[in-house]
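Thanks for making time this morning. I would like to walk you through one structure, beginning with a helix and then turning to the aromatic residues and the nonpolar cores.

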Amino acid sequence: MDSQVGQILDRKLQKATTSRVVPEEPASCRGSGVETSGMSAAGTPPLLAPAQPPPGTPPLLAPAQPPPDTSPSLQHHHTLPASEFRSLGPQDALSVFQIEQEAFISVTGECPLCLDEVQYFLTVCPELSLGWFEEGRLVAFIIGSLWDQERLTPEAMVLHKPHGTAVHIHILAVHQAFRKQGKGPVLFWRYLQYLQGLPHVRSAMLMCEDFLVSFYLRFGFKVIGPCEITKGPLRFIEMEWPIGEPSITRRDSER
């Protein structure tokens, strides 16, 4: 009996002593100053990784951005240029036609180009047009297309010949509010300078009424003769400017 009690006491004493033994550090961390697995260097538990939101949780709003800089030094990036020359496109067709109507209906009773024809030429050969814009508003324009014959025919009024070497200038018009400011001559001079840079273009052709012949002579155009094309009672003179021949200087065009 006494021997059994002694054995029980021995086992309890051994168990209590063993429970106070500290386990060794992992060999890979011993004496290295590196954090041991599961504990920080200071002996505190590591921070837990941030919890991931459950599926379907809407994302947090992005941090608010500072308001855009509205200082005067940056506002000029949002203003339209005071004066701009560029090719036209289909999006400009309505503005073109409105200026054309005002310029020609009261004089000849009809427009050189209907709206569909304006849209056609600004779609198939926009590079042969030129518009003058002031603060985003169209104030003057020229529309041209390519032609592949020596003389103009009625087909030249409605067709663009991609392989032609002559530019048929269909129309030059200036908005009523901007007339008598020299814009027509300046725009026409710029257009001719542009045509000189097109390698496939050999000449420019147009038709006009008698009273406009002197205007185009100033730019180096030559009279070819009566034009085959007519508009009701109106008769026209056909004129041509070979590319490469000198046109008037810009200073002369502004007179």
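Let me start with the side of helix H3 that is hidden from solvent: its buried residues are Ala93, Val96, Phe97, Ile99, Glu100 and Ala103, and please keep in mind throughout that this is a predicted model. The cover over those buried residues includes helix H4, residues 115-124, together with strand S3, residues 137-147, and strand S4, residues 166-174. H3 itself runs over residues 93-108, and its 16 residues reach 21 Å from the first C-alpha to the last, which is close to the 22 Å expected at 1.5 Å a residue. The helix does have a kink of about 30°, centred on Gln101, and what follows H3 is Gly109, with a positive phi near 90°.

Now to the aromatic residues, where a search of the whole structure finds 10 aromatic pairs. Phe188 and Tyr216 are both buried.

Phe188 also pairs with Phe221: here the ring centres are 5.8 Å apart and the planes stand at 35°, so this pair counts as tilted. It too links distant parts of the chain, since Phe188 is in helix H5 whereas Phe221 is in the loop between H6 and strand S6, 33 residues apart. Phe221 is buried, as is Phe188. Taken together, Phe188, Phe215, Tyr216, Phe219, Phe221 and Trp241 make up one aromatic cluster.

Which residues touch the most other members of the largest nonpolar core? In that core of 48 residues, they are Phe141, Ile143, Ile169, Phe188, Tyr216 and Phe221. If we leave aside residues up to four places away in sequence, Tyr216 touches Leu172, Phe188, Leu206, Cys208, Phe221 and Met239. There is also a second, separate core of 11 residues, with Ala156, Cys227, Ile229 and Leu234 among them.

Finally, two contacts between charges and rings. Lys183 places its charged end over the ring of Trp132, 5.0 Å from the ring centre, while Arg190 lies over the face of Phe85, at 3.9 Å from the centre of that ring.

Key: Residues numbered from 1 in each chain as written. Predicted model: local features only at pLDDT ≥ 70, side-chain atom pairs only at ≥ 80, totals over all residues. Heavy atoms only, no water. Helix = DSSP H or I, 4+ residues; strand = E, 2+ residues; numbered from the N terminus. Expected span 1.5 Å × (residues − 1). Bend = angle between axes of the 7 residues up to and from the residue. Buried < 20%, exposed > 50% of the residue type's maximum accessible area, 1.4 Å probe, protein only. Contact = heavy atoms within 4.5 Å. Phe/Tyr/Trp six-rings, centres within 6.5 Å; stacked < 30°, edge-to-face > 60°. Lys NZ or Arg CZ within 6 Å of the ring centre and 35° of its normal. Core = buried A, V, L, I, M, F, W, Y, C linked by side-chain atoms within 4.5 Å.
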